[in-house]
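Please look over the sequence and the model shown here before reading the briefing that follows.

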Amino acid sequence: MTIPVEALMRKKETFDRGEDRRALLDPRAELLKLEEQGEIVVQKIQGDVVTAPTKFGLEKRIQKGHLWHHKSCGQCGHIPGYSTSIFWIMRKLGYDYHDPKDQTSCTAWNYYASATSNSAAQAAVAVRNFAAAAETGYFPLIHCGTSYGHYKEVREELIHHPQLRAEVRDVMSKLGKELVFPEELVHYSEWLYAMRDEIAALQIRDVSAVKVTVHPACHYYKLVEGDAIFDPDVYGGQRTAVVTGLAQRLGADVRDYSTWFDCCGFGFRHILVQRDFTRSFATQRKIEVMKEEADPDVVLTHDTGCVTTLDKSQFAAKAHDRNVGVAVMSEAQFAALAMGAHPYKVCQLHWHSADYRPMLEKMGIDWELAWAEFQEALKKLDSGEKRFLDWDDVDE
Amino acid sequence: MTETATSHYKRPDVAGYAEVPYAEKERLFSEVKEDMRFSDYLYGCYECGICVAACPSARFYDFSPRRIAQAAAREDVELIYQQMQEDIWECSQCFSCLRCPRGNNPGGIITIMREVAINNGLASAKQAMEGYSRIIYKIMSTGTQVSPDMLQADAFPDWGPETADVSANLDLWRRALPSETMHTTNTGWDVADKTLVELYLIWFHTGALDMIEEIDQGLHAILQEVMEECLEDEGIEL
């Protein structure tokens with residue numbers, strides 16, 4: 001067909017971006033400008049801060065303590081050891097935090113799966129959570145990669161579209177809240193990366209024998225790419241440094257593979273209602289390639305969907321004699337194990353599917369003994385001695 | 001572009017979805033273009049194919065993010081309509097296509113196209129939602145997308161025997177979690193009632209609830225009842 005030239009020319013008139021991506025506006029500065037104009041309220045970073053470089057050179061400031069944990073529904077629901085490991089590490093390092101009930105999911109998993117929402121609703125959900133965080137005085141730390149990526153997109157939309165700000169302000173006023181946004185959006189893997197020296201200082205298990213491959217999560221570094229940590233000391237600054245930087249700092253044998261840029265195959269709707277695609281992609285483009293090229297003991301990643309997809313997709317593939325069989329977990333669980341966390345009481349590895357036991361053995365962990373310890377702890381619940389296990393129980 | 005130039009698109013009798021007048025296709029595309037994000041997502045196309053090379057869905061489906069960007073740039077409403085009835089639900093929404101050197105966001109264009117498909121009750125949208133309603137119900141009514149009690153062997157038979165283990169021990173294993181907000185089995189964590197009320201008000205005031213009505217009236221009726229009851233308890237009248 002003939003391309004209607006007038007369509008392309010009209011498009012040209014709407015261009016609204018710098019010729020150089022690195023010239024994009026600093027979202028932090030834009031938020032502060034909006035605050036000066038009385039349009040929004042910015043929750044400021046407080047206390048001790050670590051700075052880290054982002055893709056195009058802007059510095060990101062990461063607050064060390066007094067953090068409001070924006071939990072992940074997929075992690076809490078299906079991979080609970082992911083969340084508990086983050087909490088456990090923070091407790092071990094001695095930083096206080098708030099684990100809120102006044103928090104909803106970002107709802108972005110559903111949005112990317114079904115589109116049964118819209119920009120205003122998505123922004124309002126984000127701002128409601130941020131307003132709830134600001135009310136407590138704790139600064140948001142976002143557990144889910146999709147929440148983090150989606151909130152970065154929401155931030156861009158709020159900065160660039162006054163009508164969206166007006167609509168969200170109107171909705172917030174009906175809730176008795178203001179349009180609040182945090183000065184920085186921080187993903188937990190950025191916090192772990194920033195704290196890697198403090199984590200390594202408390203390391204008690206040798207992980208140098210553990211072969212690791214890293215799956216960087218799409219929604220962490222592909223959405224609003226400029227606001228993701230890239231460090232010249234990790235991959236020469238050519239890939240995001242989170243996860244890998246921590247694994248290297250812990251002394252793991254981090255190995256490379258060719259399909260690192262590929263997504264895991266999660267697909268948002270596919271993992272729930274079209275899993276033939278998810279299983280095929282996860283095994284053929286990720287797990288089998290890693291096995292062939294790097295022979296890892298464990299795949300470390302930093303997002304909810306990636307852990308689920310790469311872990312759960314291997315069972316069916318194994319039935320077809322595919323070259324699979326690699327443990328999958330978050331780098332939070334891996335770091336917690338290195339710091340001495342219990343594999344079941346803290347890291348909750350019994351919720352995982354791919355066999356993680358050979359990796360535990362390489363860390364010097366007697367998993368049979370650990371499982372017996374977990375069963376013993378459960379007796380406290382069975383006998384009625386306790387209704388719930390708590391943080392003291394898991395370190396016994 | 002006229003109706004006589006459509007011979008290279010699928011014939012209506014094999015398309016699997018209703019043919020509509022050209023003006024209707026134009027109207028649907030105008031809704032896509034009117035979205036405030038559209039001008040940020042499309043700048044033209046070098047035809048380099050980098051987006052296709054990076055795309056997971058392109059490897060397993062007859063799907064191409066390049067065709068999405070090109071059809072939108074050309075304002076090819078016939079092809080765009082066909083894509084809204086077929087292609088858009090294959091996208092993984094991973095946004096690997098943001099690797100585009102031109103700065104396009106084909107995945108973002110698809111997000112908008114999906115929204116328009118939902119808002120207009122297109123057949124593809126209704127088909128895509130089959131089997132998915134319980135997820136929408138979960139997220140909109142509880143504030144968390146997935147819950148521990150979804151992990152049942154018959155729902156995830158391909159996830160291995162561990163799923164059955166989790167299901168069999170669910171209450172006990174949840175109570176063994178040291179995080180005090182995570183002892184729940186029907187939500188990811190314990191969401192406060194006040195928080196749910198605020199979430200319902202967001203769905204109501206932003207039109208998200210209306211979108212559900214367009215695509216699934218039964219689900220909409222259930223959600224509305226649940227939410228109205230909750231809001232009434234809080235003394236809130238809409």
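**Core, helix packing and chain contact**

Leaving aside neighbours within four places in sequence, A335(A) is in contact with I89(A), L192(A), I199(A), L246(A) and L250(A), where contact requires C-beta atoms, placed from the backbone, to lie within 7 Å. This is a predicted model, in which local features need pLDDT of at least 70 and side-chain atom pairs count only at pLDDT 80 or more, whereas totals for chains, interfaces and linings use all residues. Residues are numbered from 1 along each chain as its sequence is written, while chains are lettered from A and ligands numbered from 1 in the order in which they are written.

**Nonpolar core**
- A335(A) is also one of the residues that touch the most other members of the largest nonpolar core, which has 197 residues (buried Ala, Val, Leu, Ile, Met, Phe, Trp, Tyr and Cys joined through C-beta atoms within 7 Å; buried means 20 or more other C-beta atoms within 10 Å).
- The largest share of this core, 12 residues, is supplied by α6(A) (helices are DSSP runs of H or I, at least four residues, numbered from the N terminus).

**Helix packing**
- Helix α6 (residues 119–136) of chain A packs against helix α7 (residues 145–160) of chain A at an angle of about 110°, their axes being 10 Å apart (axes are lines fitted to C-alpha atoms over the stretch in contact, with angles from 0 to 180 degrees between N-to-C directions).
- α6(A) and α7(A) are therefore roughly perpendicular to each other (65 to 115 degrees).

**Chain contact**
- The contact takes 84 residues from chain A and 75 residues from chain B.
- On the side of chain A that touches chain B, the largest share, six residues, comes from α6(A).

Methods. Helices (H or I, at least four residues) and strands (E, at least two) are DSSP runs, numbered from the N terminus. Angles under 35 degrees count as roughly parallel, over 145 as roughly antiparallel, 65 to 115 as roughly perpendicular and the rest as oblique. Two residues are in contact if their C-beta atoms, placed from the backbone, lie within 7 Å. A residue is buried if 20 or more other C-beta atoms lie within 10 Å of its own, exposed if 12 or fewer, and partly exposed in between; C-beta atoms are placed from the backbone.
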